[in-house]
Amino acid sequence: MNPLPLPKRFDANEWSIILSLAAGYAALFLPRRLFPFPVSLLIVLFGITVPKLFDATLAVPPFELYDINDYPKLELMDVALHLVYGPFAYFFIYGYARFRIRGPSTIAWIVCCSLLGVGIEWLGTLVGVYTHKNWNLLYSFFVYGCLQGLLLVFSRLWLRSWETTKKRA
Amino acid sequence: MVLGAYLVATLIIVLVFAYLPKRLHLLELWFNAIVHVYFYTYQFSVLTNLKLVSLPESPDKAAASVAVRFIIFPVIVLLYLQLYDKWKQRSRTAGFAAFVVTGALLLLAQPLFQWTGIIRYSNNGIYWSALAWIVLLGINSGCMTAFRRLVRKELLLP
């Protein structure tokens with residue numbers, strides 16, 4: 001009974017998570033700052049929390065649709081894996097704001113980012129980060145699309161709320 | 001039956017929350033809800049790894065469990081944080097009282113979850129879960145204060 005087991009073997013899946021984590025968070029500091037820090041923090045936190053929420057619902061009994069890393073239960077590297085999603089969420093919103101995407105292009109942007117997410121997940125299945133049981137990449141594509149749409153709505157709400165507060169202050 | 005009852009309870013608590021006056025800023029509400037869900041899911045997974053709690057096998061009870069864990073609990077925590085924020089301004093003791101009252105409420109709710117079968121606790125699980133809740137409420141209160149400081153700093157407010 002270990003609260004947070006260590007990996008069975010430190011191999012490709014663990015290394016890919018560590019490299020993605022380092023690259024993702026290093027990249028967060030590179031581009032010009034577009035959003036106020038509290039809103040950026042919310043976007044990254046949303047990106048980290050929602051995958052954990054899905055894993056805590058779909059990867060556990062009675063559903064058990066997929067496994068992550070070496071064990072069917074939560075392990076230490078799962079915590080690191082969830083952190084990897086944060087920069088992805090940030091760059092999704094950053095790109096949307098930076099390239100001034102509006103109107104029907106928004107759908108194209110969501111589809112492109114969902115395809116990118118599916119591609120990364122496919123690589124993840126090759127190195128053993130994800131083991132699909134009753135799940136496939138098509139489901140992931142729709143889940144990514146819906147969540148990115150939600151994040152877009154929420155981030156616009158947060159930015160508007162921030163601007164209103166700033167004017168009042 | 002169980003799922004229906006919990007969905008009605010979820011709807012009621014969400015409506016109560018929606019219509020109550022808010023003390024926290026919209027960004028604070030979102031931040032605190034996200035932080036709570038983040039730490040709560042890990043807390044639950046760790047307790048599951050230790051075999052202190054487990055989820056039901058039947059899909060309808062699992063769905064009720066999802067509604068309770070990811071909708072009702074965050075709303076209760078947000079209500080607690082608003083109360084804590086209000087009472088803390090009167091005195092620290094009053095703030096601590098809000099902490100104790102919410103902790104006790106969550107502790108008392110656990111036998112109900114056990115009885116309806118949406119969260120199954122082992123013999124000592126109920127006590128460890130209560131302890132984890134107290135820690136979680138502390139983390140949420142601390143994060144709320146830290147985020148408020150950050151927002152004030154960004155807005156150049158005193």
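In the predicted model, Ser16(A) is partly exposed, because 19 other C-beta atoms lie within 10 Å of its own, whereas a buried residue would require 20 or more. Ser16(A) belongs to helix α1 of chain A, which covers residues 12–28. Beyond residues up to four places away in sequence, the contacts of Ser16(A) are Val127(A) and Val129(A).

Chain A as a whole contains five helices and two strands, arranged along the sequence in the pattern α-α-β-α-α-β-α. The radius of gyration of chain A is 17 Å, close to the 15 Å that the globule rule gives for 169 residues, so chain A is as compact as a globular protein of that length. The C-alpha trace of chain A spans about 55 × 30 × 30 Å along its principal axes. Of the 169 residues in this chain, 33% count as buried. Among the contacts in chain A that join residues at least 6 apart in sequence, 80% are between residues at least 24 apart.

Chain B likewise was examined at the level of its overall fold. Its elements are five helices and two strands, and the order along the sequence is α-α-β-α-α-β-α. For 158 residues, a compact globule would have a radius of gyration near 15 Å; the value computed for chain B is 16 Å, which agrees. The principal axes of the C-alpha trace of chain B give spans of about 50 × 30 × 25 Å. Buried residues account for 30% of the 158 residues in chain B. Of the contacts in chain B with a separation of 6 or more, 78% involve residues 24 or more positions apart.

The helices of chain B were then considered individually. Helix α2 of chain B comprises the 24 residues 26–49; at 1.5 Å a residue these should span 34 Å, and the end C-alpha atoms are 35 Å apart, which agrees. After α2(B) comes Lys51(B), whose phi is positive, near 60 degrees. The same test was applied to α4(B), where 25 residues at 1.5 Å each should span 36 Å; the separation of the end C-alpha atoms is 37 Å, again in agreement. Following α4(B) is Gly117(B), which has a positive phi, near 80 degrees.

Within α4(B), the residues Ala98(B), Phe99(B), Thr102(B) and Phe113(B) are buried, and the packing partners of the buried residues of this helix are α3 and α5 of chain B. Ala98(B), which is found in helix α4 of chain B, is classed as buried because 21 other C-beta atoms lie within 10 Å, the cut-off being 20 or more. Residues touched by Ala98(B), not counting those up to four places away in sequence, are Tyr80(B), Leu83(B), Tyr84(B) and Trp87(B). Between Ala98(B) and Asn140(B), 42 residues apart in sequence, the distance in space is 13 Å from C-alpha to C-alpha.

The packing of α4(B) with α5(B) was described in terms of geometry and composition. Helix α4 (residues 92–116) and helix α5 (residues 125–154) of chain B pack at an angle of about 145 degrees, and their axes are 10 Å apart. The crossing of α4(B) past α5(B) is right-handed. On the α4(B) side, the contact involves Phe99(B), Thr102(B), Gly103(B), Leu106(B), Leu107(B) and Gln110(B); these meet Ile126(B), Ser129(B), Ala130(B), Trp133(B), Ile134(B), Leu137(B) and Ser141(B) of α5(B). By residue class, the contact of α4(B) with α5(B) is made up of eight nonpolar, five polar and no charged residues. Phe99(B) and Thr102(B), which take part in this contact, are also among the buried residues of α4(B).

Between the chains, 29 residues of chain B are in contact with 27 residues of chain A. On the chain B side, α2, α3 (59–90) and α5 each supply at least two of the residues that touch chain A. The largest share, 14 residues, comes from α2(B). The residues of the side of chain B that touches chain A comprise 20 nonpolar, six polar and three charged.

Terms used: Residues are numbered from 1 along each chain as its sequence is written. Chains are lettered from A and ligands numbered from 1 in the order in which they are written. This is a predicted model: local features need pLDDT of at least 70, side-chain atom pairs count only at pLDDT 80 or more; totals for chains, interfaces and linings use all residues. Axes are lines fitted to C-alpha atoms, for helices over the stretch in contact, and angles run from 0 to 180 degrees between N-to-C directions. Helices (H or I, at least four residues) and strands (E, at least two) are DSSP runs, numbered from the N terminus. A crossing is left-handed if the near helix is turned anticlockwise from the far one by less than a right angle, and right-handed if clockwise. Two residues are in contact if their C-beta atoms, placed from the backbone, lie within 7 Å. Ala, Val, Leu, Ile, Met, Phe, Trp, Tyr, Cys and Pro count as nonpolar, Asp, Glu, Lys and Arg as charged, and the others, Gly among them, as polar. The expected span of a helix is 1.5 Å times one less than its number of residues. The radius of gyration is taken over C-alpha atoms; the globule rule is 2.2 Å times the number of residues to the power 0.38. A residue is buried if 20 or more other C-beta atoms lie within 10 Å of its own, exposed if 12 or fewer, and partly exposed in between; C-beta atoms are placed from the backbone.
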